[in-house]
Amino acid sequence: FMKIVIICFLFICACYASNISVIKVEGMHCPLCTTAVKKAIKELDGIQKVSVLLNTKEVMVMYEEKVKLEDILMAIKTTSYEGVEISSQKQ
């Protein structure tokens with residue numbers, strides 16, 4: 001089921017986004033953690049969509065060209081978690 005969700009997310013992202021990144025965020029252990037990470041990323045100007053999967057500890061971000069991956073990683077860091085890029089795709 002999770003593969004279907006990821007495939008759908010990536011397909012939707014591919015249609016609309018300039019960039020898509022998947023970021024591993026170890027340490028998230030509850031829905032409150034995922035909400036904090038999602039909120040911190042969404043506060044950046046140019047973020048189009050954020051999806052956080054607790055079971056895989058992965059964050060998928062769809063964002064405009066003006067947003068830098070480093071900004072997203074710094075936003076995650078403000079929640080006391082460390083993000084590591086798994087993959088990025090430019091449209």
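The side chains of Lys66 and Glu64 form a salt bridge in this predicted model, at 3.8 Å from N to O. A salt bridge here is a side-chain nitrogen of Lys or Arg within 4 Å of a carboxyl oxygen of Asp or Glu. Side chains of opposite charge can pair when their charged atoms come close. Glu64 is partly exposed, at 31% relative accessibility. The cut-offs are under 20% relative accessible area for buried and over 50% for exposed, with partly exposed in between (1.4 Å probe, protein chains only). Residues are numbered from 1 along each chain as its sequence is written. Because the model is predicted, local features need pLDDT of at least 70 and side-chain atom pairs count only at pLDDT 80 or more, while totals for chains, interfaces and linings use all residues; side-chain values use heavy atoms, without hydrogens and water.

Lys66 also pairs with Asp45, at 2.9 Å from N to O. Asp45 sits in the loop between helix H2 (31-42) and strand E2 (47-53), and Lys66 in the loop between strand E3 (58-63) and helix H3 (69-77), so this pair ties together parts that are 21 residues apart in sequence. Asp45 is exposed, with a relative accessible area of 60%. Another salt bridge joins Glu82 to Lys77, at 3.7 Å. Both partners are partly exposed: Glu82 at 48%, Lys77 at 42%. Shared partners link Asp45, Glu64 and Lys66 into one network of salt bridges. The count is three salt bridges.

The protein chain has three helices and four strands. Their order from the N terminus is α-β-α-β-β-α-β. Helices (H or I, at least four residues) and strands (E, at least two) are DSSP runs, numbered from the N terminus. Buried residues make up 38% of the 91 residues. Of the contacts with a separation of 6 or more, 68% are between residues 24 or more positions apart; a contact means heavy atoms within 4.5 Å. The accessible surface is about 5500 Å², and carbon and sulfur atoms hold 60% of this area. Areas come from the Shrake-Rupley method with a 1.4 Å probe, and for residues only the protein chains shown count as cover.

H2 has twelve residues, which at 1.5 Å a residue should span 16 Å; the end C-alpha atoms are 16 Å apart, in agreement. The expected span is 1.5 Å times one less than the number of residues. Cys33, Thr34, Val37, Ala40 and Ile41 are the buried residues of H2. They cover an arc of only 130 degrees around the axis, which puts them on the same side of H2. The arc is that of the directions from the helix axis to the C-beta atoms. Pro31, Leu32 and Lys39 are exposed on the other side. The cover over the buried residues of H2 includes E2, E3 and H3.

In H3, the buried residues are Leu69, Ile72, Ala75 and Ile76. Viewed down the axis of H3, they fall within an arc of 120 degrees, so they line one face of the helix. Exposed Glu70 and Met74 lie on the face turned away from this buried side. The buried residues of H3 pack against strand E1 (19-26), H2, E2, E3 and strand E4 (82-90).

Asn19 belongs to strand E1. Asn19 is buried, with a relative accessible area of 4%. Beyond its neighbours within four places in sequence, Asn19 contacts Val61, Met62, Tyr63, Glu64, Glu65, Gln89 and Lys90.
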